[in-house]
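Dear colleague,

Please keep the structure open while you read.

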Amino acid sequence: MSTAPELLARLDAIDARYRGRFAGHPRISRDPEELEAIQADVEAVAKEASSVDDAALAERVEASRKLYAEELAKINEARAGGPAAVAAHRVSTMATLVMGRYGRFFAGKNRTTVDLGLLGQLEATMGKLVAEMERLQAQGANVADDLERMRGAHKVYGDEQGAIRSARADGTVAEQAQRLATLANQQFDRYRLLFAGEPRISRDPDTLVAMVGSLKEILGTMRALQTRGVANDAHLKNMQIVSDRLENWEQEIATIRDIIARAPKSERVGRLGEAANKVFAEYREHFAGKDRKTRDLTKLANLIEALWPIQRCMDAIDADDGDDANARNLSIVTDQLRVYDREYRNIQQAQEA
């Protein structure tokens, strides 16, 4: 039979699980069955505690029962709008996260130095979210305000791409050539962040497709400048480097897709989970409990970027035929993206103050 300290320790573990999965998260996004499982664990402790004469333990058991029962009722109330309302909240959350990415990498930034491929990804993702929200609106979900802001963002992302291309043509041809070399280096840095040294089975080929698109546009503009007289050794060398990298990346896309296609779904799910845990560990090391005024915002932005394609891959698996382990992982990763996005803004505000 367990002792009172042992049972209290089990309640502590249950409370920690509750805080991680429920505290601070929108109730409409929570899974009632997950909280019911927590309640069942409390009842298991309560059954053993009934044989232990310890007033503090009995009081703690009743407090846990009350807390989780009240929270379950509030979650069910929040989800009373039905499946369409719950789905609409999920879509709205993803749209907010997309807007966060735009804010970090494009809002107020010099148009000549930003990543067109990434912006194209944001536009495509937002377009899919808008279409999904329109479908939910047709099912009766009250999403007019969300839909308006999402459509507005989608239009901005499309219009901004044209403005960026125009801005890249500013300056002398020599300045443009140097700018293109910098843009190419940004893509190389992004590759190192998202692909280098990582298991291919846990990578997102669509992300690399967008990067290839960016690099092709950069190379095309480099070649156009060559015809306009930019033919120095540095420019020709940069063109060759970009061309070689494009060939390697296109081969890498094919290899990643082949590995994913051949692997059992369970292995893919497991490796995506491991990749997410790696990001979580870095966040705990560099941000959790640390003074916001001293944190590196670029580091946090990179962690969000590393986690984003993992979430997208998990979401694609979930939309396909589902997998219980993947569904749990997807919920956790989406929660963490929301936490990291919010923390980015909190750090920004602390440092600006």
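**Aromatic rings and charges**

The charged end of Arg104 sits over the ring of Tyr344, 5.2 Å from its centre, where a charge counts as over a ring if NZ of Lys or CZ of Arg is within 6 Å of the ring centre and within 35 degrees of the ring normal. The charged end of Arg245 likewise sits over a ring, that of Phe188, at 4.0 Å from its centre.

This is a predicted model, in which local features need pLDDT of at least 70 and side-chain atom pairs count only at pLDDT 80 or more, while totals for chains, interfaces and linings use all residues. Residues are numbered from 1 along each chain as its sequence is written, and side-chain values use heavy atoms, with hydrogens and water left out.

Rings of Phe, Tyr and Trp (its six-membered ring) pair if their centres lie within 6.5 Å, and planes under 30 degrees apart count as stacked, over 60 as edge-to-face and the rest as tilted. By this rule there are nine aromatic pairs. Tyr18 and Tyr68 have ring centres 5.0 Å apart and planes at 45°, so this pair is tilted. Both Tyr18 and Tyr68 are buried, meaning under 20% relative accessible area, with exposed over 50% and partly exposed in between (1.4 Å probe, protein chains only).

Tyr191 and Trp249 form a stacked pair, 5.1 Å centre to centre with 10° between the planes.

Best wishes
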